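Subject: Structure for you to look at

Hi,

Here is the structure I promised to pass on.

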Amino acid sequence: MESGEDDKLLDFSSSSSPASPPNDELKKLRCFKVYKRRWFVLLVLCLLNCSNATLWLTFAPVADQSAQYFDVSLANINWLSVVYMVVSIPLSFATTWMLDTVGLRLTLILGSWLNMFGGIVRIMGGPPGTALKINYAVVMLGQTVAALAQPLIIFTPTKMAALWFPDHQRATANTLASMANPLGILVANLVSPAMVHTSDQIPTLLLTYAVPACVACFLTTVGIRSSAPPTPPSASAEFSTSEPFVQGVKLLLKNRAYLVLLLCFASGVGVFTCFTTLLDQILCVQGYTNDFAGLCAALFIVFGIVGAALLGLYVDKTKRFTEAIKINMGISALAGIAFSVVCLMQQQSIAVATVCSLFGFFGFSIYPVVMELSVECSYPVGEATSAGLIFISGQILSIVYIVLLQSLATPVAESPRSTCGLAPQSWKVPMMVLAVLTTFFTCVFIIVFRTRYRRLEAEEDVAYGHKRDNRSTDPTPACVDT
């Protein structure tokens, strides 16, 4: 038994404070064992998520050099990233079924092998230092294979947290695993430009990104020996009665709270996808450089990761999922409105960078907590099903929003300060639309969303023999860490 956290939990069972269960129910307390190997499982999932994200956005930060190397247009280079969204949407349904039916281990192993093969296929046109040249079609094939791995990897944090971590660590574990994906995006945005100064350095870049994919595959295949620990870490894991996939989907479609969460958060995913995808095109019209746009994207991701870590710790301790998300969404909406104004102004670098940081800290950070809340309001539907449908909806709305905003952008007749490589466009109307969408769905969520925390109630019912207040900060007893 480890000291510190677990001793505190043991003291809780004998506490005489008002928050403790009545004396006649002390016998009903359950003691759950947790295992140190859960941190290894979390580490492997983080590495997989980060590696897959770097493969996804390998070429976006060095689009010009990539187009020159492969002798294709920039539109074709963009498709190396867009293929991930195209592939992930139909495959996501199979992934949700696989996680809840086949299990976490086999899903992760399959995802790790697909991710590794995708990384290797991209360099099969010829190794660095030879006369052979990597072909664009071969790279597209590798990207497609790696794209098959994305839903298998990105859907697993919620399931992993539920199976391996006690209730007072689930949100934190989900946050760390989920934020590994944007960390990978940040790595790609930093490493790709640093390594590629000329087009002939593209093969070396592809080889560099293939190495972590191989390491992650090895650790997953050899290191993860089971889908769940020998004994469950919580009552919901012990008495898991997840509904079959089809039945679970039917229950979700009848769950008002879940549908509100799905619609509002999917819209949020669409807004953030538009922000990261179109940021450079929006800012260049006002004379901001590509380097500054990259800095704003980095600030957005870094502050989002920091915010997610802090929010995950807070929610793990207080269980105030709904309140935390509503406050963050409200501030994020204000930041979105502010961005739609300052991005259209010249020489406002500090204001633009500040708004991007706030947008990430309060908006991007809620992703893992929303995934946890989706499970709480839809229990006993499987974790992969409830979280997966939100991800799928977010991908669909991302494509819709990007197409909509691009169609609303109009050519600018004259823009002397523009740093855009192609003809600049006016983003005034698209930014107004984006601000309206952000405000509308934030107001809907704040006003309409109400839910019980069904999974926490089930765990407390098992642990104490009765349901307690959802806001109780006392965790379900987890006595032993081995």
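Let's start with disulfides, meaning pairs of cysteine sulfur atoms within 2.5 Å: the count here is zero. A disulfide is a covalent bond between the sulfur atoms of two cysteines. Cysteine 443 is in no disulfide either, as its nearest cysteine sulfur, in cysteine 264, is 9.9 Å off. As for burial, the cut-offs are under 20% relative accessible area for buried, over 50% for exposed, and partly exposed in between (1.4 Å probe, protein chains only). Cysteine 46 is buried at 17%, while cysteine 443 is partly exposed at 39%.

Before going on, please keep in mind that this is a predicted model, where local features need pLDDT of at least 70, side-chain atom pairs count only at pLDDT 80 or more, and totals for chains, interfaces and linings use all residues. Residues are numbered from 1 along each chain as its sequence is written, and side-chain values use heavy atoms, with hydrogens and water left out.

Next, the nonpolar core: a set of buried Ala, Val, Leu, Ile, Met, Phe, Trp, Tyr and Cys residues joined through side-chain atoms within 4.5 Å. The largest one has 130 residues, and Phe70, Met160, Leu283, Phe339 and Val352 have the most contacts inside it. Which helix gives the largest share of this core? That's H12, with 17 residues (helices are DSSP runs of H or I, at least four residues, numbered from the N terminus).

Contact here means heavy atoms within 4.5 Å, and I've left aside neighbours within four places in sequence.

- Phenylalanine 339 is in contact with Phe275, Leu279, Val352, Val355, Cys356 and Met431.
- Phenylalanine 292 sits in helix H13 (residues 290-318) and is buried, with a relative accessible area of 13%. Its contacts are Leu283, Ser349, Val352 and Ala353.
- Between phenylalanine 292 and alanine 353, the C-alpha atoms are 8.6 Å apart, although the two residues are separated by 61 residues along the chain.

Cheers

Notes
Helices (H or I, at least four residues) and strands (E, at least two) are DSSP runs, numbered from the N terminus.
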